[in-house]
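Subject: Structure handover

Hi,

Here is the structure I promised to pass on. Have a look at it first, and then read my notes below.

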Amino acid sequence: MTERRTTTDELVVPWTDGSGGRGRIVAQVTRPETGPVQAVVLLWPALGVSASYYAPLAEELARQGCATVATDLRGQGKSVPRSGRGTRHGYQDFAAQDWPRLVRTARELFAPGTPVHLLGHSIGGQVSLLYVARPEADVDGLILVASGTVHHRSFQGLRRAGVLLGTQLAALLGAVLGYYPGHRLGFGGRQSAAVMRDWARIGRTGRFEPTGADMDYEAAFAKVRLPVLAVSVAADTLAPRMAVDALCDRLADCAVERVHHTPADPALHGHTRWARDAKGMAQHLTAWLRRTSAHPDPA
């Protein structure tokens with residue numbers, strides 16, 4: 001893919017729900033300044049991580065001819081309302097409302113036929129898995145980066161007990177306070193209690209059964225047929241290889257390509273710092289996108 005100059009614009013997608021709630025999801029759209037867009041990457045972040053954090057990766061992908069729509073999760077970053085005692089959204093709202101809205105918007109922003117791929121980091125990957133299992137799912141591929149199940153049995157040694165205890169305490173704290181104060185605890189950012197309850201259920205049972213689910217996601221995973229790239233990252237204690245593999249195992253009928261990424265700079269190892277190794281990560285992504293994109297490389 002030919003290297004190009006890039007441009008970034010803000011995208012605002014308003015939403016309302018059946019109970020009178022309203023808000024907006026905000027995303028950063030980074031694309032090549034000129035020339036055709038080979039593919040669109042709709043990027044969903046980790047808990048407590050803003051869309052702007054992924055700007056170096058988005059710019060690198062744009063230089064290679066791909067557009068990125070990096071989106072702030074509902075309740076964090078620029079997306080409103082801010083998570084707190086009055087917010088009730090969880091994994092189901094993400095998968096059944098926010099993901100479809102942004103996929104439709106991404107389709108409308110770019111030329112008809114341009115491939116749209118999800119890229120989910122951490123919880124972004126977990127919810128993306130729920131979305132692609134839904135009957136209305138409309139994407140051409142799924143990329144999981146530093147995203148695994150948080151089921152405690154997918155971890156080893158003392159880490160297994162730590163994950164079980166940590167996920168359950170987060171849910172308990174959310175239930176007691178009415179929201180999860182991750183911005184004060186140094187993990188996960190400020191989140192709705194429902195998000196942490198859904199997260200803790202996966203940690204405890206290993207099953208993806210979000211509160212208010214309108215379908216059996218576990219049964220639907222077996223029907224998903226998409227190309228998948230799953231990237232684990234060196235020194236990632238939150239999504240180690242075993243946890244990434246366990247998440248991929250749910251996609252039994254998908255063509256899953258597994259890659260383990262070790263940034264050249266050890267300071268960029270870990271669950272979130274990989275996003276600053278833009279060139280290194282983009283090499284994996286663009287190679288996979290070349291093979292899965294419907295558009296030929298003009299270079």
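Let's start with the largest cavity, which is lined by Tyr91, Asp198, Arg201, Ile202, Arg207, Phe208, Glu209 and Pro210. Before going on, a word on what you have: this is a predicted model, where local features need pLDDT of at least 70, side-chain atom pairs count only at pLDDT 80 or more, and totals for chains, interfaces and linings use all residues. Residues are numbered from 1 along each chain as its sequence is written, and side-chain values use heavy atoms, with hydrogens and water left out.

Back to the cavity. A cavity here is a set of points, on a 1 Å grid over the protein atoms alone, where a 1.4 Å probe fits but cannot get out, and lining residues have an atom within 4 Å of a point. The largest one holds about 40 Å³ of space, a volume being the space filled by probe spheres set on the points, which are joined across faces, edges and corners. The count comes to one cavity of 30 Å³ or more. Its lining has four nonpolar, no polar and four charged residues (Ala, Val, Leu, Ile, Met, Phe, Trp, Tyr, Cys and Pro count as nonpolar, Asp, Glu, Lys and Arg as charged, and the others, Gly among them, as polar). Helix α6 gives the largest share of that lining, three residues.

Helix α6 covers residues 193-205 and contains arginine 201 (helices are DSSP runs of H or I with at least four residues, strands are runs of E with at least two, and both are numbered from the N terminus). Is arginine 201 buried or exposed? It is buried, because its relative accessible area is 17% and buried means under 20%, exposed over 50% and partly exposed in between, with a 1.4 Å probe and protein chains only. Aspartate 198 is buried too, at 3%. Arginine 201 also touches Gly206, Arg207, Glu209, Pro210 and Thr211, leaving aside residues up to four places away in sequence (contact means heavy atoms within 4.5 Å).

Glutamine 92, in helix α2 (residues 91-109), is worth a click as well. Leaving aside residues up to four places away, its contacts include Arg134, Asp198, Pro210 and Thr211. Glutamine 92 is buried at 8%, and its side chain makes a polar contact of 2.8 Å with the side chain of tyrosine 217 (a pair of N or O atoms within 3.5 Å; within protein, one must be able to donate a hydrogen and the other to accept it, and residues adjacent in sequence count only if both atoms are side-chain atoms).

How many salt bridges does a search of the whole structure find? It finds 16. One of them pairs arginine 74 with aspartate 98, with the closest N and O atoms 2.8 Å apart. That pair links distant parts of the chain, 24 residues apart: arginine 74 sits in the loop between β4 (66-71) and α2, and aspartate 98 in helix α2. Arginine 74 is buried at 4%, and aspartate 98 is buried at 0%. Glutamate 136 and arginine 134 form a salt bridge as well, at 2.6 Å; here glutamate 136 is partly exposed at 35%, whereas arginine 134 is buried at 9%.

Cheers

Terms used:
A salt bridge is a side-chain nitrogen of Lys or Arg within 4 Å of a carboxyl oxygen of Asp or Glu. On a 1 Å grid over the protein atoms alone, a cavity is a set of points where a 1.4 Å probe fits but cannot get out, and a pocket is an open set with protein on both sides within 12 Å along at least five of seven lines; lining residues have an atom within 4 Å of a point.
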